[in-house]
Amino acid sequence: MDENRQFWIDIQCQTFTNWINQQIDSPQIVDISKDLANGVALIRLIEALQGRKYYGKIYEDDPTEIQMLLNVQMALDALREDGVKTVNIGSHDVVEGNTKLILGLIWCLIQRYQIASRSKIPPKKLVMAWIQSVLPELKLTNFRTNWNDGKALSALLEYCQPGLCPEWKGLDSEQGLANCERALKLATQYLAIPPIISAAHLNSPHLDELSCITYLSYFIMRGSCGYRATLYRVQQLLPESVVEDFEMSWSDGYLLSLLVEAVGGPAIDVEQMRFDTFEDCVENINIALEAAADIGVGSLVGAEDIADPQGEHLGVMALAAALCSIGPPPNFPTTQCFTNQQVNLDLAFADGGEVRVDELGVRVIGPAGRPVSADSVKLRKSRTSSGAVLSIIPRESGYHQVRIYCQGVELPSSPISLHVLSPEESRAASRAISNSSRDDVAAESREDVVLTSSDSNDVLQKSDSGSDVDISHKSFAQRRLHIIKQLETQNGLAKKESPSRAQSREQLPKTGKNTEKAVHLEASTHKEMSLRPPDIGLVSFSGLTEPCSVGSIVEVVINAHGDCAAGSVQVDAVSPSGRAQQCVVTKRANSYTASFTPQQVGLWKIGILYEGEHIRGSPFSCQVFDAGLVQVYGLDVGLVGQELRFNVNASEAGRGNLEVSVLRHGRHIPSTVEEESTPQVYRVNFVPDGAGQYKIHVLFNRMEVKGSPFILDIADASAVSVFGEQLRGASVGRPASFMIHAAAAGPNDITVEITAPSGKRRHGVVTALDDVSYKVEWIPQEAGEHSVDVRIFDQSVQDSPFACNVGAPEKVAVRAVPRRILTKDLHTEHSFEIDASSAGSGNLEIMINGGRVPCRVREIVNRQYKAVFTPTQSITHTIEMRFNGEEVAGSPWHIPVEDRPERRHETNRTTSYYSELSGAGLVRAPVNKVASFEITGEGLETNDIQAKIYGPDGREFPVRILSRGNGRYTAEYRIEQVGEHHLTVWIAGRKVDGSPLSVAGYSADRVRLEPLGGGAVGHPVQFVGESFCAPYSTPHSFPASLITLPLISKLATSAHRSPDTITVP
């Protein structure tokens, strides 16, 4: 059992590791339990998932343990801010490499950001519901053994891309590993699914469901192949509706009602639906869900979840797939074309956004199933006013797939299937079309060329109009066949007609000038027709469908079919001022290419001549613009939540479309563009929704204007950081200060107004420390709660105004402090009382023996407290007390631990049975400074006391004993090293208990405290103190706790270090 457990853990570790490496470029993860410990990779992962960068302090270079904890805590805090629940895991679990908890954390990330699941329904159920709906034949029930033989994955590939794996039903289950390898390879090559799980693991009987779901999540993400496949099937069932997604489009119940009806459910009267309120939408969806239940389709998500505009897509997608599974099978059309014929694919963008032509990716899969290079199919991309045109010229016959990507994501309409016919197949198709429409074509031909002897003008007009019959709506094969038949018929009739025409002219009456004129006209017209190139109809140009930029290379591609490919083509470009330039024409297989570079804004005319004659549609129009002439003005500093306006003037840039895209952290911010009374002068509005840097892209005809993207810093008064101990508590008559961190503001933009309990107002003094840090100073004049309002750009920052409790430390009274602790009373509770009723509001901090002895506090009556502690060691206990950071009267108190005094006799003199040692020098000592401790005992003399202290390297430092009189002595010494020292003290020739004592040598200038942030009333606040070789040779940290109590009862314990006392016999 343990061995099997280890197998699935190994599979999950490897799968999750591969998933992480798919999200981040560096650092790459090898061991998930070790490589996340320093927190750097975890921060990078969360940045990638949340699409934003964190600018806090990240310790990347060989971080210490405490720095690792800070890194990991930053990552966990970012998750909690984003609503991700991280249960039972702390920063220390990641740093210590707790594999089980780390795997749980990664699974939380996959659920939240990969599967995008926020509902109470487990994502496992939602994924399984979709899988069962799209693969109903397999009867899948789990994410383990059902996937071992590779058939389920192969079937899923066929669902996502019909024709990719049609033989899945015939796969041999005994060849599971080979099936898995093939399916994973196909998914990677054709569907861009990363192989985060290996074939061996997928085929393993120990496959765990979380690894399998993680891999399958790539099929159900927004915009994924499975997402698009389900969307396509819904669109096939609802051809008259526009189905763009599985989120907003379904939130009002309209599409769901239509889909239920389309698959055979009860008819729903959508005309009677209301869409005014959220409740209306919920009611509509409930009606549709009830109708779906009538035909046996249930929904895992409720009506309110579907109606939520911010809801997740997976529940709706699973429901839609279930409905589609009982509807008619979808039809996947195939476009037919011919080898060496240009195929144009038109793309229309719903909104311009950030899409540019160079962001479009095209992948052509040939008949052999292998990608075809862009050069071999002459791939070209061109911009249009509404999107883009992609053109290819397939060279090989057979079935092709064209996959289209935008910014790396495959489009919903992709892939496009092409059936490319060979020349033989082309002629066969032409013959088939000819046989099926021979009578119609022959009738058209006879009607076009019939001649009568009675009216020559009518004959000529009929013949002339015959060549201009509109056949543009017909297929290429039909157009080609019509033109060839028409030309053959004209040439044949012209030869046969020569004698008959001469005879007709002889039979005409020669009695008037009009007759001679008519004959002359006929001859002239006939001569012109005989000189017109017979194959000019096979030369075509689709025109320039979008404007062109000044200075760009405009390329004109002219298609030529049949023998016309050997003819002469001339291209002329005429500028708006009338200046003409002849373009250089190059010939390729079945096309001609010409190019020119316009240098003037306006309407150009492109004339295309074949054998000296304009082809149909020539001259063509080309609008030329200059995005560099667009002016943008009015961009200035903005604030979060306030509408920002600026103007764009494109009146001198030529005709075109203006697009404005506002981005923050890669996310689009809604904006509006309105044309003012002056043509092509626009006003742009948007409302910043957060502080930081905004990128404003201004595009004219999809080209960035000069200066774009424009960078704009938006300040958010609610995002300014305000911190410092004296922000929440201060003392009367003593200077108080706190810090402000504001990245997008200057000293003049920050104001601090402080209101005393009496209502008096005053301003704090703001001093800039650097570009982003400011210090605020003030002196309280009265006790009580003050209101501190911090404003930036005249907006109060978040949580402002702050409550600052100003008190009087000297008015705190401490009573009933024990004078001594008897040895027999160790491990029992001792107490003392605190009266803060006259001290005003503030924070009262109590610390016993440097925080090593816990202290519990409870309120007795209004602002009067009882403090309880339990001594466990036979050492002097030192009580320190501060009010709003200031020592209260009488602090510190030293309480010795004593036995009952007894006397003992020695030769010739009497000494006390016990002596007392106290002072900081017993536990720590500063480097290169005098440290000391006190020795007290009745009858002691200087010669009775001896002390020695040794450094970390064993070197002894001298100890001097000084008499203070009345049995009191001071021992002084000076150390020179940081680290642990050992102190031994002898009294009357006997070592004191506990010797040698451990004394920590430290250097105070190497100690750093992380700034203490804000806290909430009644909740613990944690901060970290970090020392570098002080007092130890490696960095370490010590914790501290602070409890902030309400105005009436404020008491706390903290961890400030203070002198310790040791009582020795």
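Two strands are said to pair if DSSP finds at least two bridges between them, and strands themselves are DSSP runs (E, at least two residues), numbered from the N terminus. By that criterion, β55 and strand β56 (residues 956-957) are paired in the antiparallel sense over two bridges, with Glu956 in β56 as the bridge partner of Tyr950. Five residues lie between the strands of this hairpin, and within the hairpin Gly954 adopts a positive phi near 90°.

The model is a predicted one, in which local features need pLDDT of at least 70 and side-chain atom pairs count only at pLDDT 80 or more, while totals for chains, interfaces and linings use all residues. Residues are numbered from 1 along each chain as its sequence is written, and side-chain values use heavy atoms, with hydrogens and water left out.

Strand β55 (residues 945-950) also joins strand β59 (residues 979-987) through six bridges, the two running antiparallel, and here Ile945 stands opposite Ile987. In a regular strand the side chains alternate between the two faces of the sheet. In β55 the covered face carries Ile945, Ala947 and Ile949, whereas Gln946, Lys948 and Tyr950 belong to the uncovered one.

Elsewhere, four strands make up an open sheet, in the order β40-β42-β45-β44 and with antiparallel pairing. Its edges are β40 (813-815) and β44 (855-861), each of which pairs on one side only, and the twist from one strand to the next averages 25° (axes are lines fitted to C-alpha atoms, and angles run from 0 to 180 degrees between N-to-C directions).

Conventions: Buried means under 20% relative accessible area, exposed over 50%, partly exposed in between (1.4 Å probe, protein chains only).
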